[in-house]
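Here are some notes for a colleague who is opening this structure for the first time. They are set out as numbered points.

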Amino acid sequence: MSITMNGWVKNSCLVLVCLFLWQARVEAKQLAVVVAKTNATSALTAADLAKLFKLDGAKWPDGKNVTLVFFDPSSADMQIALQKIYKMQPDEFKTWMASHRASILFVHSEEELLKAVESVPGAVGLIDVYSITNRINVVKVDGKLPLEQGYLLRGN
Amino acid sequence: MKGIRACFSIFLFACALLAWLPATASQSKRPRTDITVTTRSARARAHFETGLDKYQTLHVEDALENWRKATREDPHFALAHILLSQFAEDPTEQVSERDKALATKKFAGKEEQVVIDWLSATSKGQWVPAIQAMNSALHDYGAHKEVVWLAANWLVAQQQWARSLPLYERLNAMDPNFADAWNSAAYSYAHTRQFDKAFAAMQRYTELLPGEPNPHDSFAEISRMAGKFDDALAHYRAALKIDPSFIVSQEGLADTYALMGEESRARTEYATAIAKATNVQAVTWGLQSAATYVREGNDALADLAFEDVAMQARSRGFGNLEAQAYRTMAMYQRDGAKARQLLDKALAVLDEEQQVSKVLLDQERAVVLRSRIYRAIQDGDLPAATATLKQLEDLSGSSADASVTANFDSASGAVLLARGEYLDAIMHLESDERNPYSLRNLIVAYDGNGAHDQAELAAQRLAGFNEPTIEQALVVPAFRRNHGAAPVETKPAGGAISSARRM
């Protein structure tokens, strides 16, 4: 038996479901859209998010150019982005990236991604929601934050 | 004699005065853990620390009572209020203590304030600020054992097993004698299917608390998760030998026999557990016992047993459990009309005026609606499934409860799968991987989407699913029979499980 917050007794699933207020979030991986604290954008529609990430002429409201902060394209996070934002096949995405290299910054860790988003003007990134810190802002997508029902950027 | 009495009175007064004196500084560090604890009352501090010790050795009621005493001694003791809000079982106490923590936050130190921000946001279902505050606490105070322990436990509560592990490993390195960290680490390893590490951590936990029943109970549960039923039985018996009143181990024994297919023996063990149980345990374990007839395929006796438990639940005012009995009956019925009738009956019970909290009623309502959707799909009535899904979506949208959300995901996945929309089905089903119905649907969805390796992994996971639920009883044994699988999950070559599995 092990107990955690809100009296969750691990070895008694029925007790868990029947007796206690269970606040655990049973979720697949969810990505947060993160920007610098100085970025005034707090919400985007899914369509605007796609324009932004496809560098489709989109700029930030203050006129800054968009810089995308990416992990390796084969990472799980990028696979979700591919599926939910770009809606492209991997090869197509590679070609797209090659033609937009100047606006993409590749990082190798979550810490690097957070630092880049904080410090590079106009930067925006995608990060596992459980890694967000209060050094960055999280942008709503279609009025929803990560872990809210119906949030777009969730998946494998 | 009089002089001695006077001296003794002075001594008692001095003791009482010392206990009431504020700490020499407004903040002081707990030497054992380093978390900053702010209180003006030495007695409150002592109760708080005793509460932590009690909680970390799983004496939960004692822990809560000590924290309650701490807040009575010092009503401005914000950290004690917030821990009560997180660990109390009574939902009304959770909310009132959270509000008291927020009201008294200004009296707390900076570290405590971050913890209060994190846990109060959690309590309000504000997940983004909660995570930000947790990571901030870990960044600034990651060397403080209690902060790391809280964060690891918090992640486990969010079912983020893999993410909790580095924190438990840090705790094990910081204090190799911190028993609770070994126990919790073992569960996280087990949930990420790293059973070798789980058993090693459990071994250490057992060595640290040789006279306690819980290490054996934990060892038993993890053995059962790994499909090692004989080991599970031995450890449950060892726990009961140490403390015959540790009845969760008695129930564990019964659950294990049920999973092993020894249903008659399971019923005997459930009866022993029920004889020593509280009212709510008696009804809950009565449902488990009734499910043994389902495992035997004896629907008639199952009906009688579930009807009996439904009546017990009704007489004790447990409307959610009464509804659960009818809903469970519906789940194994072969006749669709009878199943629908039972599901209607379950919903009617939930609609009655009940003394049970709305949270619990909503949780059961979600499972009833999910069962209706499964049944409609089984009967080929996709429009009915879609209409019920809308009801479940509305319920889920108005609830912050994760089990309601999980049921919505399971049902959405089932409907999308029935429509052949594999990718979207996968997205939902992956959110409910502890439900054998969802795992079974996930296998089909992966295959439909061409992800055969993932389908194989999901199949192995389903075959190795050993939680004693009615869903397990209805899905897993049949799946094993059809696929010639054993109850032990096998790891494919190349260690693909850890990289492919999302926990």
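1. A contact here means heavy atoms within 4.5 Å. In chain B, residues 24 or more positions apart account for 53% of the contacts with a separation of 6 or more.

2. This is a predicted model, in which local features need pLDDT of at least 70 and side-chain atom pairs count only at pLDDT 80 or more, while totals for chains, interfaces and linings use all residues. Residues are numbered from 1 along each chain as its sequence is written, chains are lettered from A and ligands numbered from 1 in the order in which they are written, and side-chain values use heavy atoms, with hydrogens and water left out.

3. Chain B has 27 helices and 2 strands (DSSP runs numbered from the N terminus: helices are H or I of at least four residues, strands E of at least two). Of its 503 residues, 59% count as buried (under 20% relative accessible area; exposed is over 50% and partly exposed in between, with a 1.4 Å probe and protein chains only).

4. Rings of Phe, Tyr and Trp (its six-membered ring) pair if their centres lie within 6.5 Å; planes under 30 degrees apart are stacked, over 60 edge-to-face, and the rest tilted. By this rule there are 19 aromatic pairs over all chains. Phe70(A) and Phe106(A) are edge-to-face, because their ring centres are 6.3 Å apart and their planes stand at 65°. Phe70(A) belongs to strand β5 (residues 67–70) of chain A and Phe106(A) to strand β6 (residues 104–106) of chain A, so the pair ties together parts 36 residues apart in sequence. Phe70(A) is buried at 1% relative accessibility, whereas Phe106(A), at 32%, is partly exposed.

5. Tyr86(A) and Trp96(A) make a tilted pair, with 5.0 Å centre to centre and 55° between the planes. Tyr86(A) is in helix α3 (residues 76–86) of chain A and Trp96(A) in helix α4 (residues 90–98) of chain A, 10 residues apart. Tyr86(A) is buried at 1% relative accessibility, and Trp96(A) is buried at 11%.

6. Which residues touch the most other members of the largest nonpolar core? They are Phe53(A) and Tyr86(A), in a core of 120 residues (a set of buried Ala, Val, Leu, Ile, Met, Phe, Trp, Tyr and Cys residues joined through side-chain atoms within 4.5 Å). Not counting residues up to four places away in sequence, Phe53(A) touches residues including Phe70(A), Tyr86(A) and Trp96(A).

7. In chain B, ring pairs link Phe48(B), Tyr55(B), Trp67(B), Phe77(B), Phe87(B) and Trp149(B) into a cluster.
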